Amino acid sequence: MALLAVEKVSKSFAGNRVLNEVSFDVRAGEVLALVGENGAGKSTVLSLVTGLLSPDSGRVLYDGEPLRSWSPHRAREVGIGSVHQELSLNPHQTVAENVFLGQWPARRGLVLRRDLAKRARPLLERVGLDVDPLTRAGRLPLGQQQLVELAKALASGPRLLILDEATSALDDDQVRSVFAVVDELRAADSSVIIVSHRMAELFAVSDRLTVLKDGEVMATRDRAETDHDDIVRLMIGRELSDLFPPKAGEGSPVGAEIAAIPSEAEIAEEKSAAGVAAENTIPVLTGAPVLKVRGLTVPGACENVDLDLDPGRIIGLGGLQGQGQRAVLRALFGLVRHSGRIELDGRPARLASPREAIRGRIAYVPEDRKVEGLHVAQNVRANLSLTNLGVVTPGKRLLTVDRGAEAALVDDLVERMRIRVTGPEQEVRRLSGGNQQKVSLARWLPSEPRVLLLAEPTRGIDVGTKREIYHLLRRLADGGMAVLVTSGDTMELVGLCDEVAVMYEGAVVERLAGEDLSEERLVRASVTGAEAAPRKGAGTHA
Amino acid sequence: MPDRVATTLRGNLDVVGLGALLVVLLAAYRHYDSELFTPASITILSAQFLPLILAAMGQSTVMLAGGIDLSLGSVLALAMAVFAVRAEDGVAVAAVLALAAAASTGAANGVLVAYAGLPPIIVTLAASFLWGGVTLVVLPKPGGSVPAGLVDAYNNGWNGLALPFVVIGLVLLLWKTVRTTRFGLSLYAVGGNEHGAYASGIGVRKVKIGAYALAGVFVGLAGIGLAVQTGSGDATIGAPYTLNSIAASVLAGVSFFGGIGQMRATVLAALLIGLLTNLLLFTGLSPFYQLIMQGAVLIVAIAVKTFATRERTD
């Protein structure tokens, strides 16, 4: 009998349907992989199981019983343990306190530190973690924190363990200890649901794979009956080659001068032209780099990073999560204090604030749109005109906004970017993630930036919009822009970028381009960076 | 070995820094008041500082859970009023009533914060008017009376024993015990990462209500202390304690975002603020300049502290 059965579960957020009649089950003693792109609904469905959310319709059965009045507390009581990508540790408490978070063993009402440490030790050992249980959790590197999460999930002796991107920050050895735990649980007739971006891992450890796309189950396959390509096809609903535009020098610069998302017909045209172009390769625009970065250092985040951003090229920053990629982008946009030499168009530049970066025509599309990008409570019009006040308040009008110019600007951007809105007055928070991201990008276009910095440009976005954004970025590059992208999605980096710099503990450990730029090489460079990287200083992330 | 010392020092940077500042302040104080270190002087000073120390402990408790309490002054006045009004019928009964009143208003604050889904700063600001009004109902005009024997014992020592010291010792012991219970750990967990705590099955609302209620107990004790110190009750005397308690907590290194802070640092910081106020009084400056000086000293102290303990982020 299935230990967990999800039956026709649907869930919407603010009118956006994220899960549509999703059904799957997990048997006792089985490892089920849940696969899908960012935004496919994996985390949402898992949140229903762990009690963080409740379904709009459908039901979840655990041990044959429907879950009622579900909460994380109840879930933990019945033996559901989970490790999520976003850490739930309290960085200010000790490792031991975190392992037993919320269920500290007490003697006559008192929780004794030494007792706690003693009980935590075997659990830490089980996950292959050799740290003092009395260290503050926040002092550990990210990978070790993730293992503390695992120890915490094991503390309640789970019958169902959920691993949601629980290996994203781990190196090879650490991944092996996680899988050892998974095997142990399976042998003890417990079940595991695993979510990971690393396909090879999923094939190594799971018994069955369930593929989600845009909130629906595409298929559930036995591991023996499927392969990597089959799963990827199910995940993105089309061939991989169709998702990404041709790379620099391979395509024809059709309509490259217009910074707009191309239509289906234009994409097809570019694609067929690419076949021809591949034979007589168009020379890549190679001038001097727009932005030359030498020895960029942000204390505690990245160290001695060199980058050349050339017009017409898309450069990726890869590696595991939190290896300093974000700091590089934020430093180049003047958001964090940094040292190193930066030249803009051959002249030394000081990027001490976003204002100075913008003046140098650098644009930044942040990972967290709601914090560093958009004003979500305001409407589309206000968001688009805020970065273009020069356009909407022309000189002759002194300080007031020219509503006509503003309307023209907004209409133009909405059309070019194919932003789906009810009108310019719609609040940004009511838009889907994909359309929010388009607004976040569109707001920079009128100022014609020369350097575009993007962090996780397609996180939480449907596949159709992803494809549009990839093609837009390529068009912008073809038009002479230099693009720098960070992404935790290896498929995206490989498919989109002309070159990828792989970071580990704040340093660039490898640069991959052309033939060398493959998912396999990228993943290997990301996790084995440990050996190549200078092991000093830069590893502590606050 | 020096490593170990350094680690210990870093872990207690707040306490060490405040201790150093306290020594400087005491030296300056002694310059104006050569009797400072006599038992009589220590007793009367501690009697004077006790209410602020207790109030600051209450504020720190709430702040550790990620909240803030702007109604603290009103609750303090309420406890003071209840105690002063009932003290003649029996000090013990009055104390129990005052503590119950303060703890239940604290718990009510907690319920509002936990269930209203509004920022604590708004909820407790509104609550401050509510409890302020209730206090005026209990004691419309300054009055009530505390038995003279108790007032004298408290302010001048009881058989050579400084009672305020005993109270602080007991309250710190209480805190240390609370801190080692599941509730105490939950308090830090909720303050440090509320969502994580919730996802770990901690009853976040209960913890918040508990934190505000416990703060109510500390504030209630502060109110009783103030009544015993002054010998009567006054419904309007609580107001300055709200901001002073926040100042002491921040000075002590209790994070506005919750989860970080030590109670002994709060005690030191409250003591520091009390001494500073007295010291400025001695200088004979006009009260206006005293306020300006007090503000400036606080800003400098907090800025130095923030600078010294700032964690690096990317």
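## Strand pairing in chain A

E343(A) stands opposite P348(A), a residue of strand 15 of chain A. This is a predicted model. Strand 14 of chain A covers residues 339-344. It runs antiparallel to strand 15 of chain A, and 2 bridges join the two.

Both strands belong to an open sheet of 4 strands in chain A. The order is 12-11-14-15, with antiparallel pairing. Strand 12 (302-309) and strand 15 (347-348) of chain A are the edge strands, each pairing on one side only. Helix 11 of chain A, residues 325-332, packs on this sheet. The helix touches strand 11 (291-298) and strand 12 of chain A. Its direction makes about 120° with that of strand 11 of chain A.

## Overall form of chain B

The secondary structure of chain B comes to 14 helices and 0 strands. Along the sequence, the pattern is accordingly α-α-α-α-α-α-α-α-α-α-α-α-α-α.

Chain B has 314 residues, and a compact globule of that length would have a radius of gyration near 20 Å. The value for chain B is 19 Å, which agrees. Taken along the principal axes, the C-alpha atoms of chain B fill a box of roughly 55 × 45 × 40 Å. Of the 314 residues, 50% count as buried. Contacts in chain B between residues at least 6 apart in sequence were also sorted by separation: 81% join residues at least 24 apart.

## A helix pair in chain B

How do helix 3 and helix 7 of chain B pack? Helix 3 spans residues 39-64 and helix 7 spans residues 148-156. Their axes lie 7 Å apart, at an angle of about 110°. Angles of 65 to 115 degrees count as roughly perpendicular, so the two helices of chain B are roughly perpendicular to each other.

Which residues meet in this contact? Helix 3 of chain B gives T43(B), I44(B) and A47(B). Helix 7 of chain B gives Y154(B), N155(B) and N156(B). By type, the residues of this contact divide into 3 nonpolar, 3 polar and no charged.

## Where chain B touches chain A

The two chains meet through 24 residues of chain B and 30 residues of chain A. On the chain B side, helix 9 (182-192) and helix 10 (194-199) are the elements that give two or more residues. Helix 9 of chain B supplies the largest share, 6 residues.

What is the make-up of the side of chain B that touches chain A? The residues there divide into 8 nonpolar, 12 polar and 4 charged.

Technical notes:
Residues numbered from 1 in each chain as written. Chains lettered and ligands numbered in written order. Predicted model: local features only at pLDDT ≥ 70, side-chain atom pairs only at ≥ 80, totals over all residues. Contact = placed C-beta atoms within 7 Å. Nonpolar A, V, L, I, M, F, W, Y, C, P; charged D, E, K, R; others polar. Pairing = 2+ DSSP bridges. Axes fitted to C-alpha atoms, helices over the stretch in contact; angles between N-to-C directions. Parallel < 35°, antiparallel > 145°, perpendicular 65-115°, else oblique. Rg over C-alpha atoms; globule rule 2.2 N^0.38 Å. Buried ≥ 20, exposed ≤ 12 C-beta atoms within 10 Å, placed from the backbone.
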